[in-house]
Amino acid sequence: MRKEFHLLKNIYLSNTRGLDSIYKLLFAITFKCNLKCKICSIWKIPHRKEISVGEIEQMFKKLTNLSWLDLTGGEITLREDLVDIIGVIIHNAKNLKIFHMTTNGMNPQRIIDATNEVVKRKLNPIVSVSIDGPQQIHDRLRGEKGSYVKIVETFKALKALKKGRIYISSTISNFNYLYLDELIASLHNDIPHFSLSDLHFNFFHVSPHYYGNEKLEGQGKDKIDFKLIKKYLDLTKKGNIIKKFLEANYVKYLEKYLHGEESPFVCQAMHGSVFVDPYGEVFPCLFYNRAIGKLHEHEYDINKLLKDPQLNELKNQIENKQCPHCWAPCEAYPTILGSLKTIFGKNQVSRAPLSVEGDNKVLQPAYS
C-alpha cells in the first residue's frame with residue numbers, strides 16, 4: 001500500500017500546488033517508428049543517438065517522488081533494450097505505481113515481453129494498443145496494409161496474458177471520425193469478449209517537437225462537429241471507478257476545448273509533470289515547444305533543472321494559460337486529478353506568481 005498512499009499524497013499536493021518535485025513523467029524512449037501514420041510525422045524524424053540505459057538509470061535514480069510513468073515513442077518496441085530500460089526504471093523509481101506503455105502492436109512478442117517484465121517487477125502495467133478505424137481505414141491511416149489484423153492479434157495476445165490493463169486507444173481525426181460505428185462493430189466482430197470498457201478515444205493534436213505534424217492540413221479542433229463524436233466518447237465511460245471519473249471529465253472538458261472555451265483548470269506541466277524526448281531534452285509537455293534543458297547538462301536531475309529561477313517566467317505562462325492549450329489525456333488526466341476542488345464545485349486552488357528573478361484500483365487510468 002505504500003506506493004498507493006504515495007500516489008494519493010502527490011495527487012493531494014497537486015491540488016494545493018504544494019509539490020516540490022514532479023510525480024508524473026511522459027518519456028519517449030525513441031522516435032523510430034515502423035508505421036507511416038497520416039496524422040503523425042515522427043517516422044520522418046532523422047535518427048540520431050538516443051538516450052542510453054545508463055543515462056536513463058541516472059535520471060530515474062533522482063526521480064524519488066515519481067508515481068506515474070507514461071512510456072511512449074515512436075514505437076517503444078523498436079528499442080532492442082526495452083526490457084532493460086523497464087528494469088532500470090522500476091528498480092530505481094521506488095515509488096512508481098502507474099506504469100503505462102503505448103504501442104502500435106506491430107511487434108507482438110516484444111510488447112508481450114515488456115508487459116511480462118513490468119509484472120515480474122511487481123507492478124500492474126497499463127498497455128494502450130493503437131487502432132484508428134476498421135481494417136481498411138486503419139491500414140490507410142497507418143500506411144501499411146495488414147496492420148489492423150496484426151494489431152488485433154497483438155491485443156488479443158496481451159489480453160490472454162490476464163495481466164495488467166490492456167486497452168485499445170483510438171485517435172479521432174478528420175480522417176476517421178465518420179467510421180467510428182464501423183470501428184466498434186469491427187472490434188466486436190474480431191475480438192472475442194470485446195467490451196467498450198476496453199476502448200479509449202482521444203483527439204488529434206498538433207505538436208512540432210513531438211508529432212512533427214504542424215504542417216498537416218485539414219485537421220484541427222474546428223474541423224469536426226463535437227455532436228457527431230460525443231456519442232462514441234460517451235461509450236467509453238465504462239470500467240473501474242477511476243476510469244469512469246477520468247473519462248467523464250475528459251469528455252466534458254474536451255467539448256469545451258473544441259468549442260474554444262478556456263479551461264477552468266491550471267495545467268500540471270512543470271509543476272507535477274514534464275516530457276522528456278529520446279535525446280534527453282526536457283519540455284513542459286508534449287505540446288508546448290519550449291525546451292527547458294538537456295539532461296546531461298544538469299546531472300540528469302529533472303527536479304534540479306526545474307528549480308532554475310530562469311524557468312519561472314515559463315511556469316507563470318503555463319499557470320496563466322499562455323500556452324498552446326491542449327486536452328490530450330497524457331496532460332488532461334493529471335490536470336483533472338490536480339483540479340478536484342474545481343470539479344467538485346469549490347474554489348479553484350491557486351498559487352502566488354513566481355518571481356522571474358534569478359491491479360489495485362486506487363488509480364488505473366487508460367489513455368494513449
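The legends below describe a predicted model, first as a whole and then in a series of close-up views.

Residues are numbered from 1 along each chain as its sequence is written. In this predicted model, local features need pLDDT of at least 70 and side-chain atom pairs count only at pLDDT 80 or more, while totals for chains, interfaces and linings use all residues, and side-chain values use heavy atoms, with hydrogens and water left out.

**View 1. Overall dimensions and surface of the protein chain.** The protein chain contains 13 helices and nine strands, where helices (H or I, at least four residues) and strands (E, at least two) are DSSP runs numbered from the N terminus. Along the principal axes, its C-alpha atoms fill a box of roughly 60 × 45 × 40 Å. Of the 368 residues, 58% count as buried, where buried means under 20% relative accessible area, exposed over 50%, and partly exposed in between (1.4 Å probe, protein chains only). The protein chain exposes about 15600 Å², of which carbon and sulfur atoms supply 50%; accessible areas come from the Shrake-Rupley method with a 1.4 Å probe, and for residues only the protein chains shown count as cover. The mean positions of the 51 positive and 40 negative charges lie 4 Å apart, with Lys and Arg counted as positive, Asp and Glu as negative, and His and the chain ends not counted. The place of each charge is taken as NZ of Lys, CZ of Arg, CG of Asp or CD of Glu.

**View 2. The largest nonpolar core and the surroundings of Leu25.** A nonpolar core is a set of buried Ala, Val, Leu, Ile, Met, Phe, Trp, Tyr and Cys residues joined through side-chain atoms within 4.5 Å. The largest such core has 112 residues, of which Leu25, Phe27, Phe60 and Phe99 touch the most other members. Helix H9 (residues 241-258) gives the most to this core, with eight residues. When neighbours within four places in sequence are left aside, Leu25 is in contact (heavy atoms within 4.5 Å) with residues including Met59, Phe60, Leu63, Trp68, Val276 and Ile302.

View 3. Ala114 is found in helix H4 (residues 108-120) and counts as buried, at 0% relative accessibility. Not counting residues up to four places away in sequence, Ala114 touches Leu82, Val83, Ile86 and Met101. Met101 and Ala114 are 13 residues apart in sequence, and their C-alpha atoms are 9.0 Å apart in space.

**View 4. His100 in strand E3.** His100 lies in strand E3 (residues 98-103) and is buried at 0% relative accessibility. Its C-alpha atom is separated by 6.0 Å from that of Leu71, 29 residues apart along the chain.

**View 5. Backbone geometry in two loops.** Most residues other than glycine have a negative phi, and most peptide bonds are trans. A cis peptide bond joins Gly73 and Gly74, with omega of about 25°, and Gly74 is found in the loop between strand E2 (68-72) and helix H3 (82-92). In the loop between strand E9 (293-294) and helix H10 (302-306) lies Glu299, whose phi is positive, at about 60°, although it is not a glycine. Tyr300 lies in the loop between E9 and H10 and has a positive phi near 60°. Glu299 is partly exposed, with a relative accessible area of 47%, whereas Tyr300 is buried at 10%.

**View 6. The covered helix H12.** Helix H12 (residues 329-337) is mostly covered, with nine of its nine residues buried. Among these buried residues are Pro329, Cys330, Glu331, Tyr333 and Leu337.

View 7. Gln136 has its place in helix H5 (residues 135-142) and is exposed, with a relative accessible area of 60%. Ser173, in the loop between strand E5 (165-172) and helix H7 (180-190), counts as buried at 1% relative accessibility. Ser173 and Ala28 are 145 residues apart in sequence and 22 Å apart in space, C-alpha to C-alpha.
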